[in-house]
Amino acid sequence: MKSAVNRYLECYRRAWNTGDVDALDLVMAPDYVRHSPSGMDSLTDLKREIRESRLAFPDLVTTIDETLSNGEGLVIRWSSRGTHRGPYLGVPPTGRIGTSSGVTISRFEGTRVTEEHATWDPTDLLRSLGVSTLIEPSAGIESWPTADAQLLRQVHRKFPTGVTVVTTMDGVMPRGLAVNAFSSLSLEPPMILVCVALTSRTHPSLMQANEFAVNLLSASQHAVARTFAMSGIDKFGDLGWSSGRTGAPLIDGCSGYLEATVRERIHTSTHTLFIGDVVDARVTDEPPLLYLDGAMYDPSPLDPLEADRR
């Protein structure tokens, strides 16, 4: 049994730490079954999981921290560490170090492993990267059909918002995009939220940054709004801007500015919600730019309702 365990541990390390997944053929039984958080897996499924993990974390190292053998089986307590360089569970690369740990219980028949129970939480790895996810509804829970997307879009267009440009630094390069999915979460503590599509070219920069700024565009900046709504162009080429307290770009001529450090990134199927702690705020006398029903407006001609006059 001891020699079989040692051989298994050697193949286990080769598979996870070098990507030599075929080494598992030497120690796994043909009818091998693995029970994991994703369900019941075959050896083919395990190999695919290892390959995908190493694509996401090319320098992944899994350490066997403790083993316990009872004569028929083996309990492994392990920990993993690697740099997030590729997509993982739908989350784009962050460039951060991810860590996870768990327990694998292996049952032997002779010299081969026939069954394993792997216990770990993939979301722990995401949390170590500063990312969390919105969990899908549990099976068996009644769910309502979702609203028609076109109708939903029409409803949202009836809600007037301001127009912001969310900016950050990617090394020495300024990055930014137009966002109207912006909200204040609380004043005490001061927290804000911005929602960014995964398809945005600025999204990878925001995933890797620890700071960002929200530039509240003024009524005279509709051209700036249109520029930052575009993709594949140099948005900062002819733009006046300066570095804020956090280093994030602040665009000249805005109505206001908020600078924040990233508290949490919440990953959904199509967007990431960035929650930030506000560390600096500025306001100017410039009137804000308004967005309603697909068009931008200068609010200056608007008259407040009599009851709301101050």
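**Reading cavities, pockets and strands**

Analyst: Welcome! Let's begin inside: 25 residues line the largest cavity, and those nearest its centre are Trp16, Glu49, Trp78, Ser80 and Trp120. Keep in mind that this is a predicted model.

User: How much space lies in the largest cavity, and how many cavities of 30 Å³ or more does a search of the whole structure find?

Analyst: The general idea is that rolling a probe the size of a water molecule over the atoms shows where empty space is left. Here, the search finds one cavity of 30 Å³ or more. The largest cavity holds about 270 Å³ of space.

User: Which helices and strands each supply at least two residues of the cavity's lining?

Analyst: Look for helix H1 (2-18) and helix H2 (43-56), then strand S1 (28-36), S4, S5 and strand S6 (112-119); each supplies at least two lining residues.

User: Next, the largest pocket. What is its volume, and which residues are closest to its centre?

Analyst: Its volume is about 1,400 Å³. It is lined by 48 residues, and Leu177, Ala178, Val179, Asn180 and Ala229 are the closest to its centre. Strand S10 (173-179) is one of the elements that supply at least two lining residues, and S10 gives the most, with seven. Helix H4 (149-157), S18 and S19 are also among the contributors of at least two.

User: S18 and S19 are strands, I see. How do I read strand pairing, and in what order do S8, S18 and S19 stand in their sheet?

Analyst: In general, strands of a sheet pair through backbone hydrogen bonds, either parallel or antiparallel. In this case, three strands form an open sheet ordered S8-S18-S19, with antiparallel pairing. Strand S8 (161-162) and strand S19 (295-297) are at the edges with a single partner strand each, so one side of each has no neighbour in the sheet. Strand S18 (residues 290-292) is joined to S19 by three bridges, and Tyr291 stands opposite Met296 in S19.

User: How many bridges does S4 form with S3, and how many with S5?

Analyst: Strand S3 (residues 61-69) and strand S4 (residues 73-83) pair over eight bridges, in the antiparallel sense. S4 and strand S5 (residues 97-109) also run antiparallel, joined by 11 bridges. Leu68, found in S3, has Val75 in S4 as its bridge partner.

User: Is Leu68 buried or exposed?

Analyst: Leu68 has a relative accessible area of 58%, and a value over 50% counts as exposed, so Leu68 is exposed. Together with Val75 and Ile105, Leu68 makes a nonpolar surface patch of about 260 Å².

Notes
Residues numbered from 1 in each chain as written. Predicted model: local features only at pLDDT ≥ 70, side-chain atom pairs only at ≥ 80, totals over all residues. Heavy atoms only, no water. Pairing = 2+ DSSP bridges. Helix = DSSP H or I, 4+ residues; strand = E, 2+ residues; numbered from the N terminus. Patch = residues over 30% accessible without salt bridge, like charges linked within 9 Å, V, L, I, M, F, W, Y side chains within 5 Å. Areas by Shrake-Rupley, 256 points an atom, 1.4 Å probe, with all protein chains shown as cover. Salt bridge = Lys/Arg side-chain N within 4 Å of Asp/Glu carboxyl O. Buried < 20%, exposed > 50% of the residue type's maximum accessible area, 1.4 Å probe, protein only. 1 Å grid on protein atoms, 1.4 Å probe; cavity = no way out; pocket = protein on both sides within 12 Å on 5 of 7 lines; lining within 4 Å. Points joined across faces, edges and corners; volume = space filled by probe spheres on them.
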